[in-house]
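Good morning, colleagues. I would ask you to keep the sequence and the structure in view while I speak.

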Amino acid sequence: MRTLLILITAVSLSFCQEFLSAPPPGMRTQGGVWPLPQEINYGKETRKIGSKNSRPIQISFDKDFESCDILQFARRTYLAKWLMPYDDSDNNRSNGLNLKVHIKVPCPGESDFPQEDMKEEYFLNIPLVGDAVLEAHEVWGALRGLETFSHLLFTSNDTYWIRTVQVRDFPRFSVRGILLDTSRHYLHPQTIKRQIDIMAQNKMNVFHWHIVDIESFPLVVQKFPKLHTAGAFTSKHIYDPGTVQDIIHYARLRGIRVIPEFDTPGHTGSWKGQAGLLAECTSQTGEKIDSNIIDPTKPENYLFLRDFFKEMAQVFPDKSVHLGGDEVNFFTEACWRQNPEIRKFMKHHGFPDNITALENYYFSKLQKLVKSTEIGKTQILWQEIFDNNIPEEGTIVHIWKGNTAAERAQTLQAVTKAGFKAILSSCWYLNYIAYGADWKEGSNPFYYCDPHDFEGTEEQKKLVLGGIVTMWGEFVDSTNVEARLWPRTSTVAERLWSDKNSTSDADRAWPRLHEHRCRMLARGFRVEPTNGPSFCPIEWALP
């Protein structure tokens, strides 16, 4: 009994200490920017711009940009919803503050999309009197600057205020993304769009669409309609061509790339609509079992893959495509090694018992096919292509393994030393959750995970493109994906955008993150608490 009492006391003290050390529930900045800009100099005075029952902001563009669909959309969105989310007034007063936006490069056409080389740098000046000025080289930088402008606004005593400031800002990494898995649970298009909205509010720029996997094939491929008719959960659980284009163009207006992933040769059980594509598999007792891997020995399968990727190249305008390539070894024993026809093929080609050589054969043919002038995509593959196989020159290696900082550093060092570009995800599997402020505490405080934390030259560091948060869908659907992602992913957004030395203390960052969470809540997004007891001026409510 005495032992039990001591244990209860120890646990109680632990909880008491946790709550005693937690920040005050209302602790948040006013006009703090998330993610933190590279250079930001606040003025000594804050500018009053209007009452809470008015919308005292105007946004104007140079004459040549008044017809730019991206900027027109941004102006409508910010003025109607995101700049002033704390009231429902339609009174748009013109005597408050005018933001003048200047852009050097002409507006992209409606068929032009953000790519890896997009320029996101911007300059913002908000004086105590006179017009505010936002300058950017490209429209994508103007979008990031508009978001920063919106963060500088706040309300106090029914009055709108804005911080006077000078900002020079640009991203530290060019890839700052989120993976959504729409195979294991179907995500409604509106759910996907909401995540794209929040990505823009956190200056993220890549939607990695893990669109198909073992469980379902929800994508409608026009040349091969049996893929979705045989592979989708139901005829309602699909993304038809119109829906896909709607999502891609929705992302474009927010400066976000859409990179699809088609994971092969493994994880392909849902591709069963293409006859003969999948290898025949048997258990160790000789019974036939379901296949989840492509048969790499059939020439007709490469003709199918060529036509499939040709259509995908037309559907998805980004210059990159993710080819998967992970966990092939899960399926090779039952489906390749125990398949008599495949063993005969291996013997004929001089690698009678070398499964890795057969993997190399498949990846070599696939990568040459996707690299061809007909398709011409930059290829991203999971890290097994580097660990086990022979990737084509120019392959981007997507690192997902490594439970410790040392393991991640070792892989980053090896990949970049070999001259390959890299994307990091292994410390940002945010589908896993832990009780508490997991963004800054515990075994994997992901706010502190940095893609440059490895021994390497400056040239090696330049090969690291950035990182992608993964939200695998085994236990995630439209009911919980938003709250699980945000604002935990906001902390990753800051790591990938902001200067490392200026964002080295999560406790100092918390008041800005709290204000940003409140901002997203006020805009109508379901973002969860991340740091213990707290409150916001406007709490989230069911629509």
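I shall discuss a helix pair, and then several residues in loops.

This is a predicted model, in which local features need pLDDT of at least 70 and side-chain atom pairs count only at pLDDT 80 or more, while totals for chains, interfaces and linings use all residues. Residues are numbered from 1 along each chain as its sequence is written, and side-chain values use heavy atoms, with hydrogens and water left out.

Let us begin with the helices, which are DSSP runs of H or I of at least four residues, strands being E runs of at least two, both numbered from the N terminus. In the pair formed by α7 (residues 299-315) and α10 (residues 355-371), the axes lie 10 Å apart at an angle of about 35°. Axes here are lines fitted to C-alpha atoms over the stretch in contact, and angles run from 0 to 180 degrees between N-to-C directions. From α7, Tyr 302, Leu 305, Arg 306 and Phe 309 meet residues of α10, including Tyr 361 and Lys 365; contact means heavy atoms within 4.5 Å.

I turn now to Pro 487, in the loop between α14 (481-485) and α15 (488-497). A cis peptide bond, with omega about 0°, joins Trp 486 to Pro 487. Both Trp 486 and Pro 487 are touched by Glu 528, a residue in the segment after α16 (506-522).

Finally, Lys 203 lies in the loop between α4 (189-201) and β9 (206-210). Lys 203 is not a glycine, yet its phi is positive, at about 60°. Is Lys 203 buried or exposed? Lys 203 is buried, at 1% relative accessible area, where buried means under 20%, exposed over 50% and partly exposed in between, with a 1.4 Å probe and protein chains only.

Notes: Lists of a residue's contacts leave out its neighbours within four places in sequence.
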